[in-house]
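Subject: Structure handover

Hello,

Here is the structure I promised to pass on. Please open it first, then read my notes below.

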Amino acid sequence: VENKVHRFAVVICARHEQAVIGNLIDSLHAQNYPREAFTVFVIADNCTQDDTAGEARRHGAVVYERFNTEKVGKGYALRWALDRIQTDYPDAFDAVAIFDADNLAAPDFLARTNDGLCSGADVTKGYRDCKNPYDTWVSEAYAIYWMMLMRFFHRARYNCGMSCQVDGTGFAFKLSAIAQTGWDTHTLTEDCEFSIQQVCAGRTIIPVYDAVFYDEQPVGWGMSLRQRYRWVVGAAQCNR
C-alpha cells in the first residue's frame, strides 16, 4: 500500500463533440484533487465538422489535433496521444485516466482512483452511472445493464481475487502498465484488448466503486444496434 498523490494525465478522445466536451472538462477541473497533480488533454481526432478543439481550449484543456483517415479509431488515437504526451511532458505524469467526451466526472473521481492505485492495483475501473436513464426505454435498459455489470461481474470477480475488465471509459492505469509497449491495441474494442493484455501480463485491474462517473447512453434502437455490432466485431477480433 502506497501513500502517494499520483500525477494524472487525463485524456479525452473526441470526434465531433463540441456540444458536450466543455461540461466534462469543467467537471474535471472541479475535482477534489490537487490541481497541480493533473492535466486535462483532449485529442480532437479527425474533427472536420465542428470546433471540438476550440471548445476544449476555451474550457482550459491542452488540445492535440489528429488527422489520419487510414488509422481510424480510439485505439490508434490513444497510442498517438500518449506518445505525444510523454514526449512533450517527460516524467510529468505517472498515471493516466481515460474518458469519453460525453462523460461527467463526480468530484471525487480522481481522489478515489488514486486510492485504488495506491492499494496495489495497476489499473482501476470507475463506477459507471447513467446521465440519461429516463430519456427512453433504451437508455433505461442501458442504465440497468451497467448497474448489473458492476455488481454481478466486476464485483464478483473482485471478491474472488480476480481482475475485472475496463469497459470503454472511466478507467485509469499507471504508466508502468504500458512502459514496455506503449498503448498497443488494434481492435474495435480497445478496452477489452487492453484488459486482456494487462491480465496476461500479471497485472491487477480492480473496480473502484466510489470513483463515480456519468455516461450518456443511446436513446434509439438503431443507435444501440450499431454500438452492439461494433462490440461483437471487436470481441471477435480480440478472440482471434
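Predicted model: local features only at pLDDT ≥ 70, side-chain atom pairs only at ≥ 80, totals over all residues.

The lining of the second largest pocket divides into three nonpolar, four polar and four charged residues.

Now the largest pocket. It holds about 1,600 Å³ of space. It is lined by 48 residues, and the closest to its centre are Lys74, Asp100, Gln227, Arg230 and Trp231. Five elements each supply at least two lining residues: strand E1 (8-14), helix H3 (74-88), helix H5 (137-159), helix H6 (190-200) and helix H7 (221-239). H7 has the largest share, with seven residues. By type, the lining of the largest pocket splits into 19 nonpolar, 15 polar and 14 charged residues.

Next, the chain as a whole. It has seven helices and eight strands. Along the principal axes, the C-alpha atoms fill a box of roughly 45 × 40 × 35 Å. Of the 240 residues, 50% count as buried. The chain exposes about 11,500 Å², and carbon and sulfur atoms supply 52% of that area. Take the contacts between residues at least 6 apart in sequence: 77% of them join residues at least 24 apart.

H6 deserves a look of its own. Its buried residues are Glu190, Asp191, Cys192, Glu193, Phe194, Ser195 and Gln198. What do they pack against? The partners are H3, strand E6 (123-130), strand E7 (171-174), E8 and H7. Just after H6 comes Gly202, with a positive phi of about 85°.

One of the H6 partners is E8. Ile206 lies in this strand, which covers residues 205-215. Is Ile206 buried or exposed? Its relative accessibility is 11%, under the 20% cut-off, so Ile206 counts as buried. Leaving out residues up to four places away in sequence, Ile206 touches Gly116, Ser119, Ala121, Val123, Thr124, Lys125, Tyr158 and Cys164. Gly126 is 80 residues away from Ile206 in sequence, yet their C-alpha atoms are 8.8 Å apart in space.

Asp115 sits in helix H4 (residues 109-118). Asp115 and Val5 are 110 residues apart in sequence, with 8.8 Å between their C-alpha atoms. At 39% relative accessibility, Asp115 falls between the 20% and 50% cut-offs, so Asp115 counts as partly exposed.

Then the loops. Asn46 is in the loop between strand E2 (38-45) and helix H2 (52-58). Asn46 has 8% relative accessibility, which means that Asn46 counts as buried. Setting aside neighbours within four places in sequence, Asn46 is in contact with Arg15, His16, Arg66, Phe67, Asn68 and Thr69.

Most residues other than glycine have a negative phi.

Asp91 also has a positive phi, of about 60°, although Asp91 is not a glycine. Asp91 lies in the loop between H3 and strand E4 (95-100). Buried or exposed? At 71% relative accessibility, over the 50% cut-off, Asp91 counts as exposed.

Then turn to H6 and the elements its buried residues pack against.

Best wishes

Terms used. Residues numbered from 1 in each chain as written. Heavy atoms only, no water. 1 Å grid on protein atoms, 1.4 Å probe; cavity = no way out; pocket = protein on both sides within 12 Å on 5 of 7 lines; lining within 4 Å. Points joined across faces, edges and corners; volume = space filled by probe spheres on them. Helix = DSSP H or I, 4+ residues; strand = E, 2+ residues; numbered from the N terminus. Nonpolar A, V, L, I, M, F, W, Y, C, P; charged D, E, K, R; others polar. Buried < 20%, exposed > 50% of the residue type's maximum accessible area, 1.4 Å probe, protein only. Contact = heavy atoms within 4.5 Å. Areas by Shrake-Rupley, 256 points an atom, 1.4 Å probe, with all protein chains shown as cover.
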